[in-house]
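Have the structure open as you read.

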Amino acid sequence: MFFNKLKLAIVLFILCSNYAQAGIKIVGYLPTYRWDKLEQLDFKHLSHVCAAFANPDESGNLSIEQDLSSFVEICHKNNTKAMVSICGGGEYSWGEKYKVYEQLIETPKSRTKFISKIMKFVLENKLDGLDNDMEGKALELANYNIFSQELADSLHAHKLEFSAALGVGGQWGVDLLTKETIAKYDFIMTMSYGGVGEWNWEQKPDEASFLKYQNDVNYLIKLGMNKQKAIGGIPFYYVEYPINKQENYNLFNKSICDLYNSQPKTLTEKQDTIKLANGSIIYQNTTATYLKKVDVAIQNNSGLMIWELGQDCFDEKSIFQIIVEYLDKKGIQIEKMTPKKR
C-alpha cells in the first residue's frame, strides 16, 4: 500500500511539474543590430528568443555578428530557449548570396557536410535549437525540402528544436514546403506582416491586418499543421505608403514606438489605418488589434511570434507589456524550459 501511494505521489508530481512548464509560446526575434537591447528584454515572458541572423561562408562555416555567450546565458537564466536563426530576409534570401546556400545543399555529400557544421555551431554555443528563415530565392531552391528534413533529423537527434518563419499565400513561403517537411518542424511561424517598397507601393496592401493574421494561421492548420504548432507572427513596426514613389523606403518601415510618439493618441489607439494630411497612408496595429491576435493564440493554445523585440517601446507604452499583462489577467501560462545543468 505504501509503495502504491508513493508511486501515485511521484506520478502526480511529474504531472504537476509538466503542467507548470506548459503554456503558449512567445517567440521573439533579436537582430544583431539590436544587441544593445539584450539586457532590457522581459525574458520571463518569452519562451524562445531567436538571435538573427547567422549565415555560412562558402565552406559552410556559420558565423553571427554578435557574441552568443551572453545571449545564451541570460536566456537560460530565465528558462527561455535560446535559438539561432539562419539566412533572414537580406542578401542571403533575396540577393545573390542565396547562391552560397545553393552550393552548400546541392548534393547529399555537401548537405551532410554543411549540416555537420551547423550542428557544431549550435552545440558549441549551447543553443536550444535552430530557426530556418530561408526566404525568397533561398526558399525556392530545389533542395530546400530535403535539406530541411535532414537538418531536422540532426537537431532532433540531439533533442533540439527546429522552427521556421514563413510567408503565407502567393507564390512563395509555406506553399513551397512538402507535407513531409512541414511534419518535421516543431512549430512554424507566419510572417503575417509586410513592408513598403517599389513592389507594392501602387497596391498599398495592409499585410499586418487581423484578418490576414487569422487567415495565415488557419492556412497552416489546413495544410496539416497541428494548431498548437501554428504560430502567428506580429510586427512591432508600422508601414507607411508615401504619396510619391521613393528610391529608398527604409524611412517608411519604422518602430511602432516612433508612430505612437509622433501621432495624436486618439489616432494610434483607435485606428489601424491612418491617413495623414500629406496624403500618406499608415497601417499599424492598435493595442486592441494586437490583443485580438493574442486571443487567436489563446484559443489555439499555440503562441505568438514577434518581429522584432528591439522595436518595442521600452517605457510605459511597451506593446510587449500590454500583451503579457493581458495574458496574466487571463491566467495564461507561457511555456518555459525546465531548468537543467549545462
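Across the protein chain, pLDDT averages 91, and 92% of the residues reach at least 70. Residues 5-21 are another story: pLDDT stays under 50 there, and the model gives that stretch four contacts beyond four places in sequence. Where pLDDT is low, predicted coordinates should not be read in detail.

Now the cysteines. The count comes to one disulfide, and Cys257 and Cys313 are the two partners, with S to S at 1.9 Å. The pair ties together distant parts of the chain, 56 residues apart: Cys257 sits in helix α10 (residues 256-262), while Cys313 lies in the loop between β13 (303-307) and α13. The torsion about the S-S bond is -120°, making the link of Cys257 and Cys313 left-handed.

Helix α12 packs against helix α13 at an angle of about 45°, and their axes are 10 Å apart. That makes α12 oblique to α13, and α12 passes α13 in a right-handed crossing. Here's who meets whom:

| Helix | Residues in the helix | Contact residues |
|---|---|---|
| α12 | 287-300 | Thr287, Tyr290, Leu291, Val294, Asp295, Ile298 |
| α13 | 319-329 | Ile319, Ile322, Ile323, Tyr326, Leu327 |

By class, the contact of α12 with α13 has nine nonpolar residues, one polar and one charged.

Key:
Residues are numbered from 1 along each chain as its sequence is written. This is a predicted model: local features need pLDDT of at least 70, side-chain atom pairs count only at pLDDT 80 or more; totals for chains, interfaces and linings use all residues. Side-chain values use heavy atoms; hydrogens and water are left out. Axes are lines fitted to C-alpha atoms, for helices over the stretch in contact, and angles run from 0 to 180 degrees between N-to-C directions. Helices (H or I, at least four residues) and strands (E, at least two) are DSSP runs, numbered from the N terminus. Angles under 35 degrees count as roughly parallel, over 145 as roughly antiparallel, 65 to 115 as roughly perpendicular and the rest as oblique. A crossing is left-handed if the near helix is turned anticlockwise from the far one by less than a right angle, and right-handed if clockwise. Contact means heavy atoms within 4.5 Å. Ala, Val, Leu, Ile, Met, Phe, Trp, Tyr, Cys and Pro count as nonpolar, Asp, Glu, Lys and Arg as charged, and the others, Gly among them, as polar. pLDDT is the predictor's confidence in each residue, from 0 to 100. A disulfide is a pair of cysteine sulfur atoms within 2.5 Å.
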